Amino acid sequence: MLAAGGRALSLELFAGEGYAVMGPSGSAKQGLINAVCEREKPASGAIGRQAQVVAALERDYSRRDTPQSLAKKYSRRVSGAKMTDVLTALGLWEMRQAPTMTMEPALAAACDLIPLLLDDSPIGVIDGQLDALDPWAREATLDVMEADLKAGRAFLVKTNLTTIAARLGNLVVFRGDSPVFAGPVATLLRSVARTEVWIETDDPTTVSTMVEPFTVSVRILEGGVLIEADKGQEIAARLLTIGYGKVKSLVIKEPTVADALRQLY
C-alpha cells in the first residue's frame with residue numbers, strides 16, 4: 001500500500017519488462033516511483049528489490065558539467081559506440097561539450113537520462129523525463145530502451161503520455177491513492193474498450209443477423225451497421241468471407257490506450 005487508505009498493489013517486475021506508471025497529478029504514481037528508488041517507504045507492505053536500480057538524475061549540475069562529461073562519468077563499463085548512440089538518441093551529440101546548466105528544459109531532461117541509459121543496472125526508473133523530451137529524441141530514446149528490454153533490462157517509467165505506455169507494453173494506473181489497473185496494455189484494451197466496425201451495406205438487416213452472435217452491440221444506421229466487438233479484426237475477416245456481395249466496405253476503429261484510460265475514469 002503506497003498511501004494510507006489506498007488499496008494495495010501487488011506487482012512483479014521481471015527482466016525484459018517495461019511498465020508505464022500513470023495517473024492524475026497528486027495520485028500515488030509518484031509514491032510508487034519514490035518507493036522503488038528508496039526515497040520513501042510505502043504506507044504498509046514492502047518492496048523487495050533483488051536487482052540494482054538506477055534512476056534518472058535529479059538535476060543538480062555544476063557549471064563544468066556537459067553531456068560529454070556526464071557520459072564519461074557514467075560510461076566506464078560501456079563502449080564508446082554505446083556512449084555515442086545514447087547521446088545521439090537524446091539529441092545531445094552536437095552539443096556534447098555545451099554547459100548543461102545553460103540548456104533549455106528538453107535538453108536538460110535529456111541530460112538527466114544519460115546515466116540511466118549508460119548504466120547496466122537491471123532496473124531503470126524514469127521520473128517523468130521522457131515526457132519532457134522533444135518528439136524526435138523521445139522516439140529515439142525509446143528505441144534505445146527497447147533494445148535494452150530485449151537484452152533483459154527492465155524499466156519503470158512515470159509518464160502522462162499514452163504513446164509511451166503503448167511502446168512499453170505494460171501499465172500501472174492510479175486513481176487517487178489506489179491502483180485501478182496493473183498489467184499488459186493489451187489486457188487493459190480488451191477489458192475496458194472494444195473495437196468499433198462500421199459496415200457499409202445496402203442490406204443492413206441481413207448483415208446485422210450475420211454478426212449479432214459475435215458482437216457486444218449492433219446498431220443499424222443509415223447506410224450500414226455499426227457494431228462493437230472484442231475481436232473486431234476477426235469479425236471483419238468473417239464478414240469479408242460470408243458477406244460477399246452485401247458488404248461494400250469496412251472501417252475498423254481499434255481502441256487506444258487513451259480510450260481505455262477514459263473508461264477507467
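The model described here is predicted.

One cavity of 30 Å³ or more was counted. Two helices, α7 (135–150) and α8 (162–168), each give at least two residues to its lining. Helix α7 provides the largest share, with four residues. The residues that line the largest cavity are Leu-142, Met-145, Glu-146, Leu-149, Arg-167 and Leu-168. By class, four of the lining residues are nonpolar and two are charged. No polar residue takes part in this lining.

A hairpin is formed by strands β5 and β6. Strand β5 covers residues 169–175, and strand β6 covers residues 178–184. The two strands run antiparallel and are paired over six bridges. Within this pairing, Asn-170 lies opposite Pro-184 of β6. Two residues sit between the strands of the hairpin. Gly-176 adopts a positive phi there, near 65°.

The cysteines were examined next. The structure contains zero disulfides. A disulfide requires two cysteine sulfur atoms within 2.5 Å. For Cys-37, the closest cysteine sulfur belongs to Cys-111 and is 19 Å away, so the distance is too far for a bond. Seen from Cys-111, the closest cysteine sulfur is that of Cys-37, again at 19 Å and too far for a bond. Cys-37 has a relative accessibility of 18% and therefore counts as buried, because the limit for this class is under 20%. Cys-111 is also buried, with a relative accessibility of 0%.

Glu-40 is placed in a loop, between α1 (29–36) and β2 (53–55). Its relative accessibility is 39%. This value makes Glu-40 partly exposed, because that class lies between the limit for buried, under 20%, and the limit for exposed, over 50%. Apart from neighbours within four places in sequence, Glu-40 is in contact with Gly-31, Asn-34 and Ala-35. A separation in sequence and in space was also computed for Glu-40 and Val-157. These two residues are 117 residues apart in sequence. From C-alpha to C-alpha, Glu-40 and Val-157 are 17 Å apart in space.

Methods: Residues are numbered from 1 along each chain as its sequence is written. This is a predicted model: local features need pLDDT of at least 70, side-chain atom pairs count only at pLDDT 80 or more; totals for chains, interfaces and linings use all residues. Side-chain values use heavy atoms; hydrogens and water are left out. On a 1 Å grid over the protein atoms alone, a cavity is a set of points where a 1.4 Å probe fits but cannot get out, and a pocket is an open set with protein on both sides within 12 Å along at least five of seven lines; lining residues have an atom within 4 Å of a point. Grid points are joined across faces, edges and corners, and a volume is the space filled by probe spheres set on the points. Ala, Val, Leu, Ile, Met, Phe, Trp, Tyr, Cys and Pro count as nonpolar, Asp, Glu, Lys and Arg as charged, and the others, Gly among them, as polar. Two strands pair if DSSP finds at least two bridges between them. Buried means under 20% relative accessible area, exposed over 50%, partly exposed in between (1.4 Å probe, protein chains only). Contact means heavy atoms within 4.5 Å.
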